[in-house]
Amino acid sequence: MFDIAWSELMVIAVIALVVIGPKDLPKAIFTLGKWVRKARVVAREFQTHIDDMMRETELDELRKEALKTRDLNIKKMMEDTIDPKGEVGKAFDVGLNGHAGSTPEPDLPQAPAPVTDAPAVPMVTDSVAPSAAPSPITASPISTEPPQPAPVPQPAPAPRADAVAAAQPTDKQT
């Protein structure tokens with residue numbers, strides 16, 4: 001730190017022992033230790049504040065770089081790099097009349113729609129009688145309610161024991 005050798009420290013210790021005296025030397029060393037501790041705390045806080053300011057500065061720079069990247073128009077940059085005069089883009093622009101350098105195509109005649117004299121009522125050609133033919137499906141309104149499940153048939157109740165005994169024939173009737 002200050003580049004002081006051990007021999008120089010010994011000279012300072014001997015002078016302090018002579019000047020301060022052996023009786024007050026421990027108090028002086030304790031006081032010197034407190035001042036050194038305070039100086040280290042102040043230096044540590046100063047270093048921490050400097051580090052925080054550097055971090056904030058770096059964050060500001062990173063934030064500015066991120067904003068530049070966000071505002072960057074990559075499509076425009078690529079177009080300027082690849083085709084600065086816009087010649088390639090114009091070559092691929094095809095309007096309603098085709099390519100700018102091509103000859104226009106002649107209008108093709110429209111094919112007339114086939115005219116048939118179809119009967120108004122469709123004829124049934126299969127062997128099923130018209131009454132047995134399925135009825136046309138009619139559109140029903142769409143319901144948002146879920147379909148209700150079909151009722152489950154309940155089994156018949158078991159006969160009671162006294163009714164079963166009364167229904168059985170007895171052998172004592174003879």
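Here are legends for a handful of close-up views of this predicted model.

Residues are numbered from 1 along each chain as its sequence is written, and side-chain values use heavy atoms, with hydrogens and water left out. As this is a predicted model, local features need pLDDT of at least 70 and side-chain atom pairs count only at pLDDT 80 or more, while totals for chains, interfaces and linings use all residues.

View 1. Follow the chain along its sequence and you read α-α-α-α-α: that's 5 helices and 0 strands. Buried means under 20% relative accessible area, exposed means over 50%, and partly exposed is in between, with a 1.4 Å probe and protein chains only. The accessible surface comes to about 17,900 Å², and 65% of that belongs to carbon and sulfur atoms. Those areas come from the Shrake-Rupley method with a 1.4 Å probe; for residues, only the protein chains shown count as cover.

View 2. Val11, Val14, Ile15, Val18, Val19 and Ile20 together make a patch of about 570 Å². One of them, Val14, sits in helix 1 (residues 6–20). To join a patch, a residue needs over 30% relative accessible area and no salt bridge; nonpolar side chains (Val, Leu, Ile, Met, Phe, Trp, Tyr) are joined within 5 Å, like charges within 9 Å.

**View 3. Arg55 and Asp52 pair up.** The whole structure has 3 salt bridges, each a side-chain nitrogen of Lys or Arg within 4 Å of a carboxyl oxygen of Asp or Glu. Here, the closest N and O atoms of Arg55 and Asp52 are 3.0 Å apart. The two residues are about one helical turn from each other, because they're 3 residues apart in helix 2 (residues 25–71). Arg55 is partly exposed at 47%, and Asp52 is partly exposed too, at 30%.

**View 4. Arg63 meets Asp60.** This salt bridge spans 2.8 Å, N to O. Arg63 has 49% relative accessibility and Asp60 has 37%, so both count as partly exposed.

**View 5. Glu65 reaches Lys68.** Their closest N and O atoms lie 3.9 Å apart in a salt bridge. Both residues belong to helix 2, 3 residues apart. Glu65 is partly exposed at 45%, whereas Lys68, at 56%, is exposed.

Definitions and conventions
Helix = DSSP H or I, 4+ residues; strand = E, 2+ residues; numbered from the N terminus.
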